[in-house]
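Student: I have a structure open and would like to work through some of its residues. Can we go question by question?

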Amino acid sequence: MKINTVYSFYLFFLLYFGYGINLSAQEKQKVDIQSGYLELRPEFPDAAIYTKDEAGQVYIVHEGVEMWCDQAFVYLKSNFVKAYGAVRISQGDTVSMNSKYAEYNGNTQFAFASGDVVLTEPKTTLQTDTLYFDRIKQQAYYRTGGTVRDTASVLTSRSGRYFAETKKYQFLSNVKIVNPKYTVNSNQLDFYSETGAAYLYGPSTIVSETSTVYCERGYYDTRGDTGYFVKNSKVDYENRTLYGDSIYFDRNKSFASATNNIRVLDTINKSVIRGHYAEVFREKDSVFITKRAVAITVRDGDSIYVHADTLRVTGKPDNRILKGFYRARLFKPGKLGDDPTSGKCDSIYVNEKRGITKLLRNPVLWSGENQMIGDTIHLLSDTLTDKLDTLKVFNNAFLVQKDSMGFNQVKGERLIGLFTNNELDTVNINKNAQVIYYSRNDNEELVGINITVSSSIQMYLEEQQITGIRFIKKADGKVYPPSMLPENARILPGFQWRGEERLYSVEDLFKGKPVPILPKITGIPLPKDEGEFFEDIPVDKIQLPEESKLSPKDFQNRPDDPKPETLESEAKRDSIKKTLNDSIQKANDSVPNNNQ
């Protein structure tokens with residue numbers, strides 16, 4: 001009889017307070033216990049204890065939240081619930097949370113879960129040891145390490161925050177994404193569960209068997225396997241590395257493209273290609289580059305520069321082939337004391353394995369003071385020493401060397417030149433050879449102008465100057481005094497002087513070409529500051545039910561909690577940096593200049 005009286009009183013208490021019958025508008029709605037076996041225990045005078053029965057688990061609702069558990073301690077006075085055993089808290093069909101233990105405060109709509117916690121939303125599941133969930137903010141937070149399983153990947157981090165309204169996770173400290181195809185490492189990463197989009201902030205890498213991506217600001221579609229990277233970004237393809245102000249990456253197509261200030265570094269062949277737009281096809285071993293494209297190769301302690309409107313590099317590392325299309329140019333500075341070698345043509349072909357360079361369509365080549373033209377020009381290098389070995393000019397070969405009185409000229413069907421230590425020292429002109437040569441004595445005084453026709457001619461050079469000529473099967477020849485030879489007779493048919501086109505420096509590779517207009521790179525801004533998860537309230541001001549397992553310190557932000565980089569923190573840092581620089585400049589300006 002006494003138990004029935006107590007139960008009757010308790011049911012009245014429950015009906016009056018537990019179902020939200022408020023005496024004032026300000027009173028919080030009470031939690032509603034809809035099923036479970038009720039018992040009262042003297043040792044818990046303020047608690048109504050509900051235990052699962054044959055009908056099922058304890059079932060509690062509160063303002064759109066449903067809770068199931070094996071046992072619940074309900075403190076109606078403080079509108080507080082402690083749940084034990086197979087706990088599940090659900091918010092509509094968007095978010096549910098499972099754990100071994102949970103607390104829920106009906107006044108603050110704040111939940112805490114511990115013990116094998118699993119937060120589930122439509123596209124992901126989050127596993128952690130302890131989790132805080134603020135229903136008002138619609139945010140969940142962990143600080144002791146968590147794992148998120150997506151349809152394509154597994155994401156882990158030391159600290160994480162979930163924003164239910166935007167379906168976004170913010171991961172901080174030791175962030176890792178493990179996918180069967182790749183692994184992502186970062187210190188700060190925002191992940192959108194609906195799309196699989198990941199935003200990388202700070203030094204980050206994406207590593208796979210075939211490539212490694214590095215950036216300090218980037219975006220990656222974890223489901224579509226495409227990405228966009230800016231700020232110190234690069235892609236390593238085994239022995240080839242792509243750098244650029246911005247890089248687009250498509251894993252499915254083994255493709256990457258880079259824009260503005262790009263470099264493609266070939267570590268095996270000791271070469272680098274520069275430009276402002278590039279495309280790399282890994283499976284095809286192909287690189288396409290344009291906008292002031294220039295390939296630089298180190299050979300025998302010297303550099304060879306090849307420029308064209310468009311450059312394409314194909315082939316495996318041991319058989320690279322470079323092709324340059326339209327307005328191609330070549331420049332080799334030479335070692336200290338050497339004269340440069342340079343050339344121009346419509347297109348150029350370089351086969352590094354065979355050591356051959358071909359200048360095609362209207363080519364011209366300068367070796368020191370010697371200008372050579374023909375239908376096609378080939379430069380051959382020794383593949384063991386990387387030194388220039390042989391020069392071949394096919395069809396309509398013409399060698400010109402400027403003299404103070406005119407031009408030394410040799411022409412024929414074919415020209416073959418031989419190099420010693422990268423200097424042209426022997427030239428053979430074969431078939432229908434003709435020569436006009438300004439002959440001088442040891443004092444460099446003009447003796448006469450030699451005009452000779454021969455089946456072939458051999459010329460000897462020292463320090464790029466003609467020192468001797470040998471005629472083979474000489475047909476006709478004569479040395480004329482300058483006064484006896486009119487100007488129009490001093491030029492061989494087909495003569496061209498293209499000295500104004502000669503390259504004297506690396507900068508001349510682009511002479512006469514407009515500076516490309518570079519597109520403005522659309523960066524990836526830092527996220528906006530969304531505030532701390534916990535409000536900045538002193539410990540003695542935090543109101544927490546006495547029955548809670550937690551302490552007020554658990555609801556405070558800790559100094560060692562990772563903090564995200566945000567637009568606001570970046571602006572503050574830049575402001576401090578500017579102030580410091582201004583102070584240093586002001587201090588420097590105030591120091592007297594003794595030289596004045």
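Tutor: Start with a term: contact means heavy atoms within 4.5 Å. This is a predicted model, where local features need pLDDT of at least 70, side-chain atom pairs count only at pLDDT 80 or more, and totals for chains, interfaces and linings use all residues. Residues are numbered from 1 along each chain as its sequence is written, and side-chain values use heavy atoms, with hydrogens and water left out.

Student: Which side chain of opposite charge is nearest to Glu121?
Tutor: Glu121 sits in strand β9 (residues 110–121); strands are DSSP runs of E, at least two residues, numbered from the N terminus. Glu121 is buried, and buried means under 20% relative accessible area, exposed over 50%, partly exposed in between (1.4 Å probe, protein chains only). Glu121 has no salt bridge, which would take a side-chain nitrogen of Lys or Arg within 4 Å of a carboxyl oxygen of Asp or Glu. Lys and Arg count as positive, Asp and Glu as negative, with His and the chain ends not counted, and the nearest opposite charge, 5.4 Å away, is on Lys167.

Student: Which side chain makes a polar contact of 2.9 Å with the side chain of Glu121?
Tutor: A polar contact is a pair of N or O atoms within 3.5 Å; within protein, one must be able to donate a hydrogen and the other to accept it, and residues adjacent in sequence count only if both atoms are side-chain atoms. Tyr162 makes one with the Glu121 side chain, at 3.2 Å. Contacts of Glu121 beyond four places in sequence include Thr94, Val95 and Tyr169. The partner at 2.9 Å is Ser193.

Student: Which side chain is joined to that of Tyr169 by a polar contact?
Tutor: Tyr169 lies in strand β15 (residues 168–179). Tyr169 counts as buried because its relative accessibility is 1%. Beyond four places in sequence, Tyr169 touches Glu121, Leu189 and Ser193, among others. The polar contact, 2.8 Å, is with Thr124.

Student: Which residues touch the most other members of the largest nonpolar core?
Tutor: A nonpolar core is a set of buried Ala, Val, Leu, Ile, Met, Phe, Trp, Tyr and Cys residues joined through side-chain atoms within 4.5 Å. The largest has 98 residues, and strand β33 (residues 423–440) gives the most to it, with six. Another core, of eleven residues, lies apart from it, with Ile373 and Phe407 among its members. In the largest core, the residues asked for are Val74, Leu189 and Leu391.

Student: Why does His307 count as buried?
Tutor: His307 is in strand β24 (residues 302–314). A polar atom of its side chain lies 2.6 Å from the backbone oxygen of Ala293. Contacts of His307 beyond four places in sequence include Arg327, Leu509 and Lys513. His307 counts as buried because its relative accessibility is 2%.

Student: In β29, which residue is the bridge partner of Trp366?
Tutor: Strand β28 (residues 364–367) has both faces covered: Val364 and Trp366 are buried on one side, Leu365 and Ser367 on the other. Two strands pair if DSSP finds at least two bridges between them; β28 and strand β29 (residues 370–373) run antiparallel, joined by four. They form a hairpin with two residues between them, and Gly368 in the turn has a positive phi of about 65 degrees. The partner of Trp366 in β29 is Gln371.
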